[in-house]
Amino acid sequence: MPLQARKWKQRSFDVHLSCYTDSLGTITEWLTFDNMHHQWLLLAACFWVIFMFMVASKFITLTFKDPDAYSAKQEFLFLTAMPDMGKSPGGNRFPEELKPTGKMLLDSRLAQPLVYMERLELIRNVCREEALRNLSHTAVSKFVLDRIFVCDKHKILFCQTPKVGNTQWKKVLIVLNGAFPSIEEIPENVVHDHEKNGLPRLSSFSDAEIQKRLKTYFKFFIVRDPFERLISAFKDKFVHNPRFEPWYRHEIAPGIIRKYRRNRTETRGIQFEDFVRYLGDPNHRWLDLQFGDHIIHWVTYVELCAPCEITYSVIGHHETLEDDAPYILKEAGIDHLVSYPTIPPGITMYNKTKVELYFLGVSKRDIRRLYARFEGDFKLFGYQKPDFLLN
């Protein structure tokens with residue numbers, strides 16, 4: 001083949017090869033681009049799904065798990081979604097969850113508004129039981145009206161139940177009444193000084209004004225396990241006496257010892273078993289008259305607040321105070337004005353071991369007599385009968 005022809009053929013081959021290479025590169029680039037395009041689309045789709053899931057999850061959390069959400073719409077949800085929360089006290093049966101600590105339900109914040117409705121319904125039903133009438137009813141006497149503090153500015157009535165964290169609620173009302181700008185600024189010696197704390201008692205009003213407030217104001221009080229409250233009263237007044245109230249040790253304790261101590265040679269100060277015998281004695285009232293208003297620390301909730309005669313708006317439980325306090329403030333319409341003081345962790349929990357320890361030296365007979373007096377409190381507020389002490 002001539003040299004010129006070979007050169008032309010070589011040049012033609014090189015051109016075709018170059019074109020083939022360029023075409024292959026273009027195809028490769030297109031495939032690579034197309035593959036990356038699909039990858040980006042897939043990645044974008046994944047991000048979109050994750051984003052939608054997060055939005056949906058947040059919406060569910062905000063709608064159903066917000067402990068401070070008590071709108072009417074949500075209350076309707078609670079009432080329709082949880083129809084069987086236990087039979088009414090007509091059959092004397094309620095969920096087991098309430099029994100050890102007085103909770104009407106477990107810590108299901110979804111059911112909060114229903115919990116408080118259940119508590120009020122329980123009171124109404126127990127008040128109708130004729131067999132418990134002597135333990136659940138009392139006259140709305142001056143003694144009861146003296147226990148109820150008034151906040152006219154915000155239309156609130158608070159019935160004092162000593163040894164159930166009442167000092168903190170008094171501070172809340174003192175601030176609301178304008179006596180002090182904040183809870184932190186209230187001196188401790190002022191809280192219980194009714195000449196200085198700016199808390200009027202309901203008994204200070206005329207009969208017509210009393211009835212008007214009872215019918216129209218927001219009314220509440222707090223309870224705790226009745227026997228644990230008695231232990232707290234005994235410790236606070238006869239053992240530690242932090243406010244230095246000497247009359248408990250020097251006047252009330254000797255009176256109880258003289259009448260109720262079995263071992264006359266015993267020289268120790270008042271013991272818990274002496275205290276229990278006094279409280280369980282059906283004829284305790286003659287001593288009560290001698291002790292005067294000091295008995296408010298251990299008389300029944302019925303005697304203090306007359307729950308069958310006065311229709312309360314909310315009943316709080318000491319054992320669930322972390323949830324109950326914000327709810328009460330919200331229902332009273334004052335949550336934007338004041339907050340309940342911080343509750344130390346675990347301080348409101350029911351302590352069965354402590355109760356067993358205190359009653360260890362008390363006879364079954366005396367415990368049964370004590371329960372017979374406080375049975376109304378146990379049943380009205382859903383606390384379990386302490387069979388571990390009685391049997």
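Analyst: A search of the whole structure finds 28 aromatic pairs. Rings of Phe, Tyr and Trp (its six-membered ring) pair if their centres lie within 6.5 Å; planes under 30 degrees apart are stacked, over 60 edge-to-face, and the rest tilted. This is a predicted model, in which local features need pLDDT of at least 70 and side-chain atom pairs count only at pLDDT 80 or more, while totals for chains, interfaces and linings use all residues. Residues are numbered from 1 along each chain as its sequence is written, and side-chain values use heavy atoms, with hydrogens and water left out.

User: What is the geometry of the pair Phe272 and Phe359?

Analyst: Phe272 and Phe359 are edge-to-face, 5.1 Å centre to centre with 90 degrees between the planes. The pair links distant parts of the chain, 87 residues apart: Phe272 is in helix α11 (residues 272-280), and Phe359 is in the loop between α15 (352-358) and α16 (364-380). Helices (H or I, at least four residues) and strands (E, at least two) are DSSP runs, numbered from the N terminus.

User: Are Phe272 and Phe359 buried or exposed?

Analyst: Phe272 and Phe359 are both buried. Buried means under 20% relative accessible area, exposed over 50%, and partly exposed in between (1.4 Å probe, protein chains only).

User: And how do Phe275 and Tyr278 sit?

Analyst: That pair is tilted, because the ring centres of Phe275 and Tyr278 are 6.4 Å apart and the planes are at 50 degrees. Phe275 and Tyr278 are three residues apart in helix α11, so about one helical turn separates them. Both Phe275 and Tyr278 are buried.

User: Switching to strands. What does β2 pair with?

Analyst: β2 has strand β1 (residues 148-151) as an antiparallel partner, joined by four bridges. β2 also pairs with strand β3 (residues 218-223), in the parallel sense, over three bridges. Two strands pair if DSSP finds at least two bridges between them.

User: Which residue of β2 is the bridge partner of Cys151?

Analyst: Ile156 is the bridge partner of Cys151. Ile156 also has Phe218 as its bridge partner in β3. As for burial, both faces of strand β2 (residues 156-159) are covered, with Ile156 and Phe158 buried on one side and Leu157 and Cys159 buried on the other.

User: What about β4?

Analyst: β3 and β4 run parallel and are joined by four bridges. Val223 stands opposite His317 in β4. Strand β4 (residues 314-317) is covered on both faces: Val314 and Gly316 are buried on one side, Ile315 and His317 on the other.

User: Now the backbone. Which residue has a positive phi in the hairpin of β1 and β2?

Analyst: Lys155 does, near 55 degrees, in a hairpin with four residues between the strands. Most residues other than glycine have a negative phi.

User: What is phi for Lys163 and Ala306?

Analyst: Lys163 has a positive phi of about 75 degrees although it is not a glycine. Lys163 is in the loop between β2 and α6, and Lys163 counts as buried because its relative accessibility is 16%. Ala306 has a positive phi near 50 degrees and lies in the loop between α13 (301-305) and β4. Ala306 is at 0% relative accessibility and therefore counts as buried.

User: Which helix gives the largest share of the lining of the largest pocket?

Analyst: α9 does, with five residues. α6 (166-176), α9 (226-240) and α10 (247-260) each supply at least two residues of the lining.
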